[in-house]
Every structure is written in structure tokens, then in C-alpha cells.
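I'm jotting down what I look up, one entry at a time.

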Protein chains: 8
Amino acid sequence: MKVAVVMGSDSDFEVMEDAIEVLRDFGIECEVSIISAHRTPELAMEFAKTAESRGIELIIAGAGCAAHLPGVIASLTTLPVIGVPIKAKPLKGIDALLSIVQMPPGIPVATVGINASKNAGLLAVQMLSLKYPELKEKIKNFRNEMKEKVIKKNKKLEEEGFKTFRS
Amino acid sequence: MKVAVVMGSDSDFEVMEDAIEVLRDFGIECEVSIISAHRTPELAMEFAKTAESRGIELIIAGAGCAAHLPGVIASLTTLPVIGVPIKAKPLKGIDALLSIVQMPPGIPVATVGINASKNAGLLAVQMLSLKYPELKEKIKNFRNEMKEKVIKKNKKLEEEGFKTFRS
Amino acid sequence: MKVAVVMGSDSDFEVMEDAIEVLRDFGIECEVSIISAHRTPELAMEFAKTAESRGIELIIAGAGCAAHLPGVIASLTTLPVIGVPIKAKPLKGIDALLSIVQMPPGIPVATVGINASKNAGLLAVQMLSLKYPELKEKIKNFRNEMKEKVIKKNKKLEEEGFKTFRS
Amino acid sequence: MKVAVVMGSDSDFEVMEDAIEVLRDFGIECEVSIISAHRTPELAMEFAKTAESRGIELIIAGAGCAAHLPGVIASLTTLPVIGVPIKAKPLKGIDALLSIVQMPPGIPVATVGINASKNAGLLAVQMLSLKYPELKEKIKNFRNEMKEKVIKKNKKLEEEGFKTFRS
Amino acid sequence: MKVAVVMGSDSDFEVMEDAIEVLRDFGIECEVSIISAHRTPELAMEFAKTAESRGIELIIAGAGCAAHLPGVIASLTTLPVIGVPIKAKPLKGIDALLSIVQMPPGIPVATVGINASKNAGLLAVQMLSLKYPELKEKIKNFRNEMKEKVIKKNKKLEEEGFKTFRS
Amino acid sequence: MKVAVVMGSDSDFEVMEDAIEVLRDFGIECEVSIISAHRTPELAMEFAKTAESRGIELIIAGAGCAAHLPGVIASLTTLPVIGVPIKAKPLKGIDALLSIVQMPPGIPVATVGINASKNAGLLAVQMLSLKYPELKEKIKNFRNEMKEKVIKKNKKLEEEGFKTFRS
Amino acid sequence: MKVAVVMGSDSDFEVMEDAIEVLRDFGIECEVSIISAHRTPELAMEFAKTAESRGIELIIAGAGCAAHLPGVIASLTTLPVIGVPIKAKPLKGIDALLSIVQMPPGIPVATVGINASKNAGLLAVQMLSLKYPELKEKIKNFRNEMKEKVIKKNKKLEEEGFKTFRS
Amino acid sequence: MKVAVVMGSDSDFEVMEDAIEVLRDFGIECEVSIISAHRTPELAMEFAKTAESRGIELIIAGAGCAAHLPGVIASLTTLPVIGVPIKAKPLKGIDALLSIVQMPPGIPVATVGINASKNAGLLAVQMLSLKYPELKEKIKNFRNEMKEKVIKKNKKLEEEGFKTFRS
């Protein structure tokens, strides 16, 4: 199991780290690169065209502003591409969201929320679980842990009363 | 290979038909239903919880306005869920887009563009191709056909000259 | 008189506290819980379906981003549901507002302004006053106090002159 | 049981009719008026101040553009006020939505979606059911009918197949 | 020459102070009050209805969020009303702008930019100069001073060179 | 009493006609011109600089898209300038609204709603009534007529019942 | 003098025709092609990389939705690239505008208004006039013609009076 | 080679400095001024009308809010004008972007992203390279440096591993 995580700029690293962490937690190998659709267009092409032959099974691409990277990669590979719109000043990621999600008919990008790199990682895991059923159990465990955390918070709230409760 | 296509209202059918057509063209079995997250919440739950056991491998969910259906389904299954924001008056689908894509950490929905049901179908095919490599060839053929169409248009444009050319 | 206040995440607590304070000030019993429509969907269902039998008369639900909680609860109970869109980065609550207010025909959510949890509390009091007329007097007192504060500010402004006046 | 339905202009009638129909269907008496917060401000005040004494138990107010009517009425009565933002050119109701929902702390308006006058009617019924429990049964019946319609659509879809199905 | 400056809350004072300063600089008498369209509706009515008889010649009204104050006042007086949308979290004043500027046909509000209280003051001066021609000279002086400032900046820029220039 | 009505293009005429009609109804002389801030900049300058000497007392300027005309004129005259944002495809006037209302400190434009040329005319009348008190009576009559129309509609509604009432 | 006009789809032809007409009117040779950044990525690369060697001096690129074409081309050539955001349902070109104008530092695209293909043509002419001074005279003539048209409209307006004037 | 960089206010200097730096780096002479379209309209006219005779070959104009400066200049010269929308509170530059890019047919402004003054400088260089081919080599070098930086970042990432990598 191998996923490529690629981002348009090293300033996106802080956001994209969440996706990498999720993939590692699920035991998925992870190739990380910084590739700009605009500053390094040949690199982007080469990356996309050779991804499958390097054993990559799907690609997570994050970019901000006029975020072309996920779409450009998607046009050059048939691997599924997950797009992460990165929040950047001054439009807070709404430009990146529209630049990624509004792809023309024929070349889809699976878009997650603005800065939602953790969800990009989880979506990758769910996609891979189609082929690797062993991941399903792990996803269920992950979800149960999330539930337990909510239930604990409620218990804390009940015990402490709302006056002293602080998240 | 089996995909469920579900939509919040029968008025979404015209848009969601494109996804169904794509799936059929790629030889993928298709279960189609109309389920409202709000008018038929128990149906939505049952649908989502039993999808995997019915042999469904991924789900395409389309909804408009406060489009909760894709997220509600995603919270009740570990199958990948693709969300299609449906354009509806008066906000033209921007409400549906935000309601689908801005999911909280933990439960991702793979969102495509507003009314981009065709791309939802293609994204499903690309996801399934992780497991069913025979789909890869078909995707490449599909993409080549798209390219040929563009090349033909250019030839027509060159031959006719721009004055008489009409798409 | 009993109202349930529910929120999608403990990070919403700081905002939702205002609603709880208002309800307490008006002498209304208050059940507070943290329930995520997506991380704890079964909890949300159970909560909504059993609310009436637990003596709850109306529900205030706050959530951010793709804020499905109020709508999901509203679909599973006939109690009135008041929705509070929570401001969250990067879209400042406009996503939550649209996800809550743009409900499909059949299942309404009474939406208040972004982060307007105090108004949610007051709206709950006004709704309950339909059944419990003793609340009407209290609402009138509350409104009179608001008026008095404005009148005092004006007096201060008149006495001090605008040069030295600071709110 | 008596509800006032008020709208800013007779051009809003077509939208507000849905609320009136719902109220009649649930056997609730209905006072309908056209009152402009701006063209007939004294009328609006008198309407709001005397509503309770006329036996009105809650108010549904629809308005477009700089939609002040619901807020102006809410400031002059302690009855619950439901606001319906009316879609009008050129901003499609987003101006009315913000003008209604973003009320300042102290004076809430229970806002529904743009043009969602049917939901305003249903919300009124749910609020009244706090005091008049006989409405609860009717709401449940109404919801069951909605469910049945969805189930019928699915049957039709199953029988006809997606190729011939038309909503 | 007498102008009323009114604002919805004392938290608007910091912004509205600019208008007051401008009016004083131009030698115009200024009545300042804090009046909420929603918390003190009767005060707002009385203020608007008696403004002319108190010698007020025009009104500057500032408000945030669902900013109804300028429109409510405009509906109750035939004096010109200038509206100042106040920036407030989370929508940054876009809600106030639309609530003020999108008035229905019949009752205009002269709207200035978000937080542009200084321009509201200058607009008031320009309106008054219709009746009081002595103000024209002052406006021309004010504009000349603005021009001189820009010219000085350019000189500074020329002398210092762009490397050391800091505004 | 003389007002100039100027518009950026003859395609704005249909909208600006409302302002002209209002001015004529109030007996105000009206100079109408088509001047583009961009296609005829010298004309715009000359128009603005000589307006006062031609006896013009205030200017109504309508423009669409990057609507610079009102601001350009306002910078070249000390007469009050009323700006009318004209709705134009594809942004429906939101571009014109922001281009007109968001003027920098120093040069105000009194902005009305999108396409609200009728309100521009009425605002002009209200401004002129500062100097020409005879207009006050006419404004009051105009407002009374508006009220009467609303009252008539209500009577019609009462007599016909809501079932047959059509505006 | 040679300019390439390229568009993402033949459905953009109707809009892009205006740019072609302008170029022809100014006597500039024009190469027209349909190239999709996503459906024909290799074509886009080849086009951009060889443009200069084909004698192209600047490129006008139009695209809708997630409009990557202008940016992708700009990243592969040092010729100036003018981007035309094409209006397309449902977001009316605001997605295309942001996808084109919000380019990252290093690779600019000279963006014109939504559907403003005529202005793209004129901007190209103005850019070329840096090198080919003979174009300057033509631009001045073109601008004079625009002025004359406005002046004629004003004459017509003056002669006919506003009552009968129709653009 | 000479470019004029002009901005509406000295507070725009910090942003516009990037353009000036780029021009200097490419050896292009640079005339810097502060000119407000509204506070110094005659200066703006004179600047625009005489630019060509002063040897200016193109103009970069930055402005915020109702950003008229680039359009006003463009209407008075046939030199190419590049517009830089400056981010300013509270609308973050979206008002400036629309005020600059949505120019009417006939007078184009080459618009770059919000605050993208560096790209304005680079666009100027690319335009000038039409006439001064010696700039082409420099642009290629500049782009190669950008590529090298990205490649170095990737090497650092590979060597350090993602855990310790910090941009």
C-alpha cells in the first residue's frame, strides 16, 4: 500500500502533515514531495505520469490560491486524486476550493474541505480498503476511538456540571 | 463491482442520471435509490448500515440545499462516499457544496463539482480500478476518446476557418 | 420546563454557554450534551428519538462547518429544534449557516445568527412562553433591563460629552 | 390556535401562500396581512404591539431585500417570530437571509431558508404543539405521508428501471 | 446647522466618532445618541418622528449585523438618512451593508462604505452645503489639504528614494 | 431646482428612467446624459467640473460592473453624488455595488441599492428639501400614497380571502 | 504580429470570438485552437512550449469553471498570457475568475473580466504596441470611435427627449 | 526600459514594493508615485496623459477598496496598464479585485491576484520582453531559480524525513 502526498509549496507542509500522520497510523507507505504546478510544471508532469509505475496507488495533492496542482495531476494519471484546498490569505481558501472542486467533465478530483488534510488521509484509507480489506477493521477502530472521546467528554460534562466544564 | 447511487429527491434524478450512465458504460452494477436524509432518516441509516453487506463497494450520494445526505451516509459506513452537490434555487448549489465538502475531521466525503454527477461516476470507476485493474484500460480508452474529440474540433476549426466554425 | 442544549464538539462549548446561561436565568431546566452527527451518529439518533420521552420540550443544537446536527435531530423528533451556526475557520460560519438554514421542505430548523447562542436561548424561552405564560413577565423584565442599559448609556454620553465618552 | 402571517409586499404572496396552506391543513386559524416595515411603519408597530391581545400566538413574517419586517415585529412583541427571507432580484435572497438571521443579542428571529415558507408553517405547528399536544399526532401523520411518497418513488424506480424513470 | 448621529450600540462609538469629528471640524452642531432599533424600538420611533422638530436637518445612523436602524429611522422621517454599515464579527460588515443599502422602493438610505463613518460626515456636509453655501469653501479647503498631503508624500518619496521610504 | 442624471451606457437607461420619472413628478428640472468614465474620461471630467456652474445642485450617477463613474464624478465636484449600482451579467450588480460604495476616506458617494434608481430619485428629493422646504409636503404626500396602496391591498385581501387573492 | 487564441472547450467559442474579431480588426494574425488543460494535457504542454518558435508573440487563453488553462500555459512559456474567465453555470464565472487571477508568485496571468474576451483582444493590441508603434494610431482611432458613439447617443437623447429615447 | 509604478495611498507601499524590487532586479527603470484617483484626480489625469511622453512604456497601478485608479489611468493612456488589487479591511481585497478586473468593453486592465504585486512586476517584464528580447534570458534564469528552490526543498525533505522537516 503506497500513497503519494504532494503539495504546491513547503508552506503547505504544516497542513499536509495531518494526512501523512493518518497514513502512517494506518500502516500505509507514504511518498512526500513538494511540486508546484506552475513553478515546476515538468516535475508535475513527470510525477503524475510515472506515479503508477513507482507503485503509487493513489495521490493526495494540496494547494492554495489558484490551486491547479490536483487537477493537473489528475489529468495525467488514472489513479484517484484527492484534492486538499489550502487556506491562504486573503480569500481563506475559497479560491482554492473552487479551483479544485469545479473540475470539467471527464477528469474528477475527490475534494475534501479547506485545510482538511486529515480527512484526505482518511478518505485515502477508505479507498484503499476496497482492495485491502485488512484496513476496514482499522477504520472501525479509529471511528470507535472517536466515539469514545465524545462519550468521555459527555461524562466529564455530567460530572463537573456545565459551570466548571471546560473543553 | 457494485455501486449505489442515491439521491435526496426525485428532482435530483436528471442530474444523477449522468453518474448512472457512466457506471453502466464501464460495466459496473448500479443500485439506484431515492432517500432523503431528513424525510426518511431511518431509511438513510438502514441504507448506509447495510450497504456493505448488500455487496455495495462505494456510494455516490447527491443532494441539494442543506445537503446532509452524503455526510449522514458517510458517518454510518466505512465505504468511500462520493458527494454530488446539486444545484437548486436560489443559491445555485453553493449551499450544497459547503454542506457536503466542509465535513468535520474524521468522516470524509469525496466531493465533486456542483451538478458534476458525471465526474462522480468517473471517480467511482477510478477508485474501483484500485481493486479491479481491468477498469484501467477502459479509463484510458475513455480518456483517449475525449482527446480525439478535442483534436477533431481543432481540425474542423482549421478547415472551416473561425468565421464559419460553430461548435 | 426542560430544554436540551446539544453541540457537535466540545470546542463549541464556549459559544453554547450563552444559551445555557439564558435558560438558567429564566429558571428552565437544561440538559447539556456533546453529540456529533458524524462521529456519533447512533448517539444523535437515540438522543433525538428519546428526547420527548425524557421530558425535553425543545432542543437547541449548535454546530460548525458542514453543520448537520440540527437538521439530523430535527428529522428524528417533532419537538421544535433551534439551530446555532458556530463560527469556525476558515469560512467564519457562513458554511454552518447555510448547512442549517437551507433545510428541505418538510423538516424546519429555527435558525439564529452565527454564534448567536444567547438568542437561541431567548427564542427557546419565547417558544416555551406559549405554554408557560409565567415566562412572559420575565421576558418583559429582561427586555426592560436591556432598554434601561441603553438609556443609561445615553445619559452617560450626555453628561460626559462625546469627547470623553468611552463605552 | 391562531397564527398571524404577514408579508412586506403583495408580491411576496405567492411565496407566503405555502405557509398559509400548511396552517390551514393543520386546522390553525390564520390572520393574513400585508405590512411594510418601511412604507407603513406605524401599521407594523400597531400590528406587533396588539398581536397578543388579538389572540395571536405566534407570527410568521416574510420579507425580501433589506428585510427588516421580522426583526421590527420581534422587537415589539414577546411572541415568537418566524422570519422567511424572500428571494428577490438581484441578490436572490441572500440579502434578506442576512437581514433576518443576523439579529443582535436580545431579540431573536427564528429564521427558515430562503423562500421556505412551507417550513415556516411547519415550524409554527411544531411550536404550537408545545401547548396543543393534539398537533403532535398530525405532525407525525404529515411526516409519515412524506416518507410514503419517497418509498413510492423508490418502488416506481425499481419497477420501471432507471432508463424510463422520470420523476 | 444641526445633524443627529445615532448608533445601534455603544460598541459602535469608536467607528462613529469619525463622523462626529468631521461635523465638528466643519462647525456643524451635533446630537449624539445610542438607540437600538431592536432593544429600544419606541425610542427609535420617537427619535425619528421628532428629529425635524428638534431642529435636526439630517441623520447619520450606524449599525452592525442585521442593521435595521438606518432603515427604520428613514421610514419615520423625511429628513435624509445616511447609513453606516458597521463591521462586526463574523461577517465583517457585509451583512450590515446589505441590510442598509438594499432598501425597498420608496424609502432610500444614503449608504456609505463599511465603517466609513468619516465619509458619512463629509456626505452630510456636502448635503448641507446645498442650503448653506458657506460650507462649500470649507469642503474645497478640506479637499485641497488632502491633495497637499498626497503631494508631500510624493516629494518625500522622490527625495528619500523608494528604498528608505516608509509611509 | 436642477439635478443631473448621468449613466455609463445607454443600456443603463431603462433602469435610470425611474429616477428621472421621480424627479419630474416632484417638479425638479432634470439634465440627462450618457457619459462613460472609461470611454469618455474627458467628458466625465468636464461634466463634473462644470456641473455646479450649469446650475446643477446634485448628481445621480448610475453604472454597472467596475462602476467608477459615480466616484470619478464625486472626486471632481463638491456637489452631493448619489450612486446607483446597475445590475449587469454575470455578477448581478454586486461588483457595481462594491465599486461604488467602498469609496476611500475623503470622497463619499451616497449609494442606493442595486438598480434602485427610484430610491436615488427620492433621496435626491429629500436632500433638496433641505433647501426647498416646499418639497417636504410633496414627500409626505408621496409616502401617504404608498401607505394607502398597502392599506387597499389589505382590504382586498380581507374581502376576497386568501384563496382568491392575487396581487 | 501573431497572437494565439486558445480556449478550453468549443462551447467557449462564442465568447472568445470577440477577441479574434478585435485582433483581425487591428490586422494581427491569429492562431485559434481548442485545447483542454485536463482532457488534452499533452497538447496544452506542446502548444505552450512551441508557441514562441511558431512565431506567436502572446497568448490569449479562455476557460471556465476550474479554469486551469491560462495558468498551465503561463507556466510553460515566457510569452505574456492573457486569461479570460468564461461564465459557466452555476457559479457564473466567479470560480473561473479566481482560478485564473489568483496565480502563485512567479507565474503571472494578465486577467480580464468575466467573458471580457473583447478586452483581452484590446489588451493584446496594447501590449503589442510596445513593439509595433504603428498599432498606437489604430488604438487611438478605436478609442475615438467609442467616444463618438457616446457623443451621438447624447445628441439623440437631447433631440428626442428622455420620454421617447430608447437605446 | 521604463515602467511607472503608482499606488492610491502610501499605505499600499508595503505591497507595491515587491513590484519595484522585481523591476530593479530585471534592470528596468522605475518611476514610483502615490496618486489617488479620488483625492488627486487632476494629478491622476496628468500622470496618465503624459506618461508616454515621459518615456514610460507601461504602468503598474495598485489600489484598494473601490479601486478606481488602474481603470481611470487606463482610460487616459494607450499604454498597457497592470492593476494590483490591494487587500484592505474589511472585505480583504475582493472589492478591489472586482473594481479593477470588471472593466467595461473597450478599456482593459491586466489584473493580477490580490496583493500580487510581485506578479505585476513579472508580467511587466514579460510584456517588455516582446520589445526587448534581452529580457527573455533573464526571465528564463528567474524561472530556473524558482525550480531549483523547489528541487532543493524536496532534497531536504528526502534527507531529513517528513518528521523533522520544517520549511
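This is a predicted model: local features need pLDDT of at least 70, side-chain atom pairs count only at pLDDT 80 or more; totals for chains, interfaces and linings use all residues.

**Entry 1: chain C against chain B.** I started with the area buried between chain C and chain B, which is about 2100 Å². Buried area here is the accessible area (1.4 Å probe) that two parts lose on being put together, summed over both. Carbon and sulfur atoms give 66% of that area. On the chain C side, H38(C), H68(C) and Q102(C) lose the most area to chain B, together 27% of what that side buries.

Residues are numbered from 1 along each chain as its sequence is written, chains are lettered from A and ligands numbered from 1 in the order in which they are written, and side-chain values use heavy atoms, with hydrogens and water left out.

**Entry 2: who touches whom there.** I found 25 residues from chain C and 25 residues from chain B in the contact (contact means heavy atoms within 4.5 Å). There are 2 salt bridges between chain C and chain B, a salt bridge being a side-chain nitrogen of Lys or Arg within 4 Å of a carboxyl oxygen of Asp or Glu. K49(B) makes one with E42(C), and their closest N and O atoms are 3.3 Å apart.

I also looked up polar contacts: 11 residue pairs between chain C and chain B, both at pLDDT 80 or more. The rule wants a pair of N or O atoms within 3.5 Å; within protein, one must be able to donate a hydrogen and the other to accept it, and residues adjacent in sequence count only if both atoms are side-chain atoms.

Which elements of chain C give two or more residues to the side that touches chain B? They are α2 (41–50), α3 (69–74) and α4 (94–101) of chain C, and α2(C) gives the most, with 4 residues. Helices (H or I, at least four residues) and strands (E, at least two) are DSSP runs, numbered from the N terminus.

**Entry 3: chain B against chain A.** Here I read a buried area of about 3300 Å², with 61% from carbon and sulfur atoms. T78(B), P108(B) and L130(B) supply 21% of the area that chain B buries against chain A, more than any other three residues. In contact are 41 residues of chain B and 41 residues of chain A.

The salt bridge count between chain B and chain A is 2. In one of them E52(A) pairs with K136(B), with the closest N and O atoms 2.7 Å apart. α4 (94–101), β5 (110–111), α5 (117–128) and α6 (134–164) of chain B each supply at least two residues of the side that touches chain A; α5(B) gives the most, with 7 residues.

**Entry 4: chain A itself.** I counted 6 helices and 5 strands in chain A, running β-α-β-α-β-α-β-α-β-α-α from the N terminus on. The C-alpha atoms of chain A fill a box of roughly 60 × 40 × 30 Å, taken along the principal axes.

**Entry 5: confidence.** The mean pLDDT (the predictor's confidence in each residue, from 0 to 100) of chain A is 96, and 99% of its residues reach 70 or more. The predictor gives the complex an ipTM of 0.97 and a pTM of 0.97.
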